[in-house]
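Let's take a walk through this model together, from the chain as a whole to a few strands and helix pairs. Keep the viewer open as you read.

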Amino acid sequence: MNAVEIEEAVSDLAGAPFDPAAFPYAFLTAFGVKETTIARLRKGDTNASDVGGVLQRGNIHIGVAVPGGVNDVLRALRESPKTSRAKAKFILATDGETLEAEDLVSGEPLACAYHEFADHFGFFLPLAGISTVKELKNNPIDVKATGRLNRLYVELLKENAEWGTPERRHDLNQFMARLIFCFFAEDTGIFNGDNLFTSTLERMSTTEAGSVEHVLTELFRAMDISPEKRQDAKLRSWADAFPYVNGGLFAGGKPCPRFSKIARSYLLRAGELNWREINPDIFGSMIQAVADEGERGSLGMHYTSVPNIMKVLGPLFVDDLRAQLEAAGDNVRKLRNLRKRLANIRVFDPACGSGNFLVIAYIRMREIEHEINNLTNDEPRSVIPLSNFYGIEIKDFAAEIARLALLIAEFQCDVRFINQHVARSLVLPLKTTGQIKTGNALVENWPKVCPPVKPVYEEHDLAGPTGRLNFDDTAEGHSSNAETYICGNPPYKGSKWLSNEQKADLSFAWKSVAPHLSKTTDYVTGWIAKFIEYAEMVSGAEAAFVSTNSICQGQQASDLWPVYQDNKVQITFAHQPFKWQNLAAHNAGVTVIVIGLSANTKGVKKVYYDDFEKVAEFIGPYLIPNSRVVVSKQSNPISDLPSMLFGNMPRDGGNLFLTSDEKRRFIAEDCRAEKYIKKFLGSDELINGLSRNCIWVEQQDYEEACEIGSISQRFEKVSENRRASAADSTRSFANKPYRFVQIAGRANRHSIVIPRVSSENRDYLPVDLCAADTIIGDRNFAIYDSDIMPFAIIASRMHWVWISTVCVRLEMRFSYSNTLGWNTFPLPLLSEQNKIDLTKCAENILIARQEHFPNTIADLYNPEAMPENLRRAHEMNDEVLERIYIGRRFRNDTERLEKLFELYTKMTSNEGKSVGSKKPMGRSRNRVKAGVA
């Protein structure tokens with residue numbers, strides 16, 4: 001369930017008669033708990049409550065009280081030992097009259113009347129796996145409005161199927177934007193009279209066909225007629241009460257869609273909400289999904305939290321504005337100069353969606369302007385025009401909502417920083433809003449969308465109809481006073497998953513900068529290419545984009561870095577990887593970075609981490625402060641480590657593989673078959689503990705194996721499959737159906753195995769030790785027949801950090817590489833005692849795992865449920881290894897990475913020219929001693 005669906009379910013529960021026995025289960029159901037889970041709780045199998053309530057492990061402890069006993073029950077829930085042991089996130093008590101709850105993670109309390117608890121549904125969204133934000137907790141109107149408009153939209157499409165076609169979709173989207181404006185205008189005083197729009201609809205329309213659309217058409221016509229033309233327009237009296245809106249929103253006299261009885265009901269229900277409380281940054285992004293049939297089932301997924309947006313806007317320019325404000329103190333001249341600067345700032349989001357970044361940028365700039373006006377005692381009117389906010393958005397409705405969101409943000413800022421009366425006088429008739437162009441950002445000419453401008457110098461009071469302050473261009477000059485900041489969250493998609501159209505987009509974007517990169521880089525890099533072009537034409541422009549961290553890892557990092565340098569573009573700031581979460585249920589969030597770019601080489605550079613920042617002279621390709629090193633593939637380990645090889649590739653059409661049942665049947669038919677059936681280990685088998693077998697026959701045993709009927713039949717199918725292959729290399733093995741096509745190695749003792757692809761959400765890389773009779777598949781890498789000390793290296797946090805930085809990604813998953821990840825891993829020269837200690841650590845990890853048999857690696861390394869003894873074994877392993885590097889534990893991953901890159905640089909410097917060349921397995925001629933700080 002998503003946030004909108006949860007709000008609807010909770011509202012239904014709050015409005016129904018209170019049933020004490022059923023409430024806990026109904027509450028959990030409203031937040032998406034599965035029926036099977038509810039059934040087990042009802043039965044008592046999984047209900048861990050010790051106070052007569054309902055306790056779902058890892059979620060919530062609910063207690064139903066007798067009338068007036070809510071406080072006592074809540075206290076009992078809080079003090080219950082089972083609440084703590086079950087790691088409940090919330091406690092909740094109600095008697096049907098009042099409801100009290102507590103977030104046990106943050107300590108935040110909630111108390112409200114029972115029938116009002118639906119207004120606080122955002123408080124409980126973590127129960128559904130949804131990250132909550134302050135705006136949503138305190139103000140659920142955005143979700144309610146989205147849900148009601150969605151139902152209206154779907155119903156209108158049922159009655160007006162032709163409006164869903166590409167030719168009419170724009171008309172329906174614009175119609176919805178008009179409704180949103182009217183709902184907002186009637187609740188904020190923009191329209192005179194209480195509830196003017198909704199009450200007029202309710203009074204003047206009926207459920208008869210054509211009635212609602214007739215009333216709406218007349219109302220929209222009224223809002224398109226200026227006062228001087230009204231007498232000749234012959235408006236109905238009830239329509240003449242509506243003001244002239246203009247701004248293009250109601251222009252054109254377009255028809256309204258047909259309304260059914262149900263659609264009219266949905267329309268009136270939407271009008272019942274208090275639209276005064278709408279947050280344009282949240283609402284705009286959520287309502288974007290209403291008009292997209294493919295995304296309507298995931299309403300709320302577009303929301304981007306304000307703190308995440310500020311990770312882009314803050315370092316890009318808002319932090320500098322704040323610093324200048326603080327430095328100005330009470331110096332009126334400096335403060336007014338800052339206000340002039342605000343008037344000259346242009347914000348351009350070339351992937352603007354519903355305008356989140358533009359809206360937040362506008363609000364933050366207005367807040368700074370308000371502080372300036374308070375200090376200078378100047379008129380509170382704004383000098384920041386909406387026409388300074390630019391965007392490109394491929395979806396028509398999202399672009400429409402972005403323009404509307406900026407108008408709403410301007411009005412709300414005027415109410416906050418001036419007053420309600422002045423805000424109402426300023427808002428109508430609507431003036432130029434954000435300059436949002438509908439189009440493909442990778443094809444559009446950015447300098448035409450947001451062109452270079454001349455500077456402006458002097459402040460003038462326009463008064464008159466706008467009542468705003470403005471700066472006019474009164475002198476000749478260059479555009480040095482104008483500042484252009486490009487920002488946004490472009491779409492992510494790996495180069496291997498692009499559609500033909502997206503490939504063409506990327507090729508177009510890179511064609512004049514670095515054409516070869518369109519073949520190997522992610523879709524998001526197209527925006528970087530467009531910025532590089534834009535920076536050449538618009539002096540001083542700076543950019544900051546949210547991106548998956550793949551563009552600063554592995555091959556993409558090394559490919560992009562010289563392009564930055566060739567085009568004199570620098571990374572000015574960066575946010576190290578963090579989770580970019582939205583309001584979709586069970587969405588763990590995409591791991592992203594923020595990367596700031598500029599052709600301006602001056603000024604300090606900053607790298608931001610979760611809880612601190614580092615100043616740097618420059619930022620390198622992997623976002624490491626003061627390190628320009630690019631990690632290159634190596635054919636052999638640069639450290640004293642054994643070789644790591646690919647697993648074995650069958651190319652057999654699946655005919656050499658057996659299920660457990662097939663294995664038993666083959667052996668039952670001919671006991672000789674057992675000799676030729678081996679355990680097979682692919683990445684799924686390793687991580688998820690799946691059982692799989694394969695036929696494995698050595699050349700000298702081929703004739704005997706062919707005597708076994710079931711195996712001989714499989715060989716025939718393998719030969720047939722290989723002969724049909726388009727690959728010459730596969731066809732050449734058609735006469736050797738008994739063997740895998742590529743055999744990299746086979747262990748005599750054991751193998752250390754690591755999957756080629758695995759989740760980035762684990763704290764440690766998945767690695768296992770496998771018996772000699774296990775055949776390692778090609779979706780793994782393996783170290784054959786070494787001692788188990790390398791297991792400790794692979795299982796360390798040091799190696800996790802290195803792989804996460806230098807290896808490429810598949811979507812967001814780790815794509816392990818022996819040449820780029822293992823062979824490049826910088827390890828100090830180990831003493832014999834170091835090796836003994838690390839071997840012991842590897843053994844301890846394996847023993848800790850064995851204690852939890854038959855749990856799989858996926859089970860054991862779930863970050864939320866990792867067994868304590870296994871975590872301790874890993875921490876000891878990290879302790880031993882990290883002391884080898886610097887004599888103590890590293891404080892964080894940042895320190896780990898910096899040390900690893902420092903060591904890598906030393907080990908691959910000119911004095912170690914032999915690195916990567918032919919040499920004995922596991923021997924490096926360029927060594928760095930243990931303990932080097």
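Two strands pair if DSSP finds at least two bridges between them. Strands (E, at least two residues) and helices (H or I, at least four residues) are DSSP runs, numbered from the N terminus. This is a predicted model, in which local features need pLDDT of at least 70 and side-chain atom pairs count only at pLDDT 80 or more, while totals for chains, interfaces and linings use all residues. Residues are numbered from 1 along each chain as its sequence is written, and side-chain values use heavy atoms, with hydrogens and water left out.

**The chain as a whole**

The chain holds 35 helices and 27 strands. Of its 933 residues, 57% count as buried, meaning under 20% relative accessible area, with exposed over 50% and partly exposed in between (1.4 Å probe, protein chains only). Among contacts (heavy atoms within 4.5 Å) with a separation of 6 or more, 70% are between residues 24 or more positions apart.

How many of the five residues of strand β7 are buried? Five of the five are, in a strand that spans residues 389–393, so β7 is largely enclosed by the rest of the structure. Both of its faces are covered, with F389, G391 and E393 buried on one side and Y390 and I392 buried on the other.

Strand β6 (residues 345–349) runs parallel to β7 and is joined to it by three bridges; here F348 stands opposite Y390. Strand β8 (residues 435–438) also runs parallel to β7, with four bridges between them, and I392 has K437 of β8 as its bridge partner.

**An open sheet of five strands**

Elsewhere, five strands form an open sheet in the order β1-β2-β3-β4-β5, with mixed pairing. The edges are β1 (54–56) and β5 (109–113), each with a single partner strand, so one side of each has no neighbour in the sheet. From one strand to the next, the twist averages 10°. Strand β4 (residues 98–103) and β5 run antiparallel and share five bridges, and E100 has A111 in β5 as its bridge partner. Helix α2 (residues 23–30) packs on this sheet, where it touches β1, β2 (60–64), β3 (90–94) and β4, and its direction makes about 145° with that of β2.

**Two helix pairs**

Two packed helices are described by the angle between their axes and the distance between the axes. The axes are lines fitted to C-alpha atoms, for helices over the stretch in contact, and angles run from 0 to 180 degrees between N-to-C directions.

| Helix pair | Axis angle | Axis distance |
|---|---|---|
| α21 (residues 500–510) and α22 (residues 525–537) | about 25° | 8 Å |
| α8 (residues 166–188) and α9 (residues 196–204) | roughly 110° | within 7 Å |

Angles under 35 degrees count as roughly parallel, over 145 as roughly antiparallel, 65 to 115 as roughly perpendicular and the rest as oblique. The angle therefore makes α8 roughly perpendicular to α9. Their contact is made by L179, C182, F183 and E186 of α8 and L196, F197 and T198 of α9. By class, these are five nonpolar, one polar and one charged. Nonpolar covers Ala, Val, Leu, Ile, Met, Phe, Trp, Tyr, Cys and Pro; Asp, Glu, Lys and Arg are charged, and the others, Gly among them, are polar.

In the pair of α21 and α22, L506, F508, A509 and W510 of α21 meet T525, G526, A529 and K530 of α22. That contact divides into five nonpolar, two polar and one charged residues.
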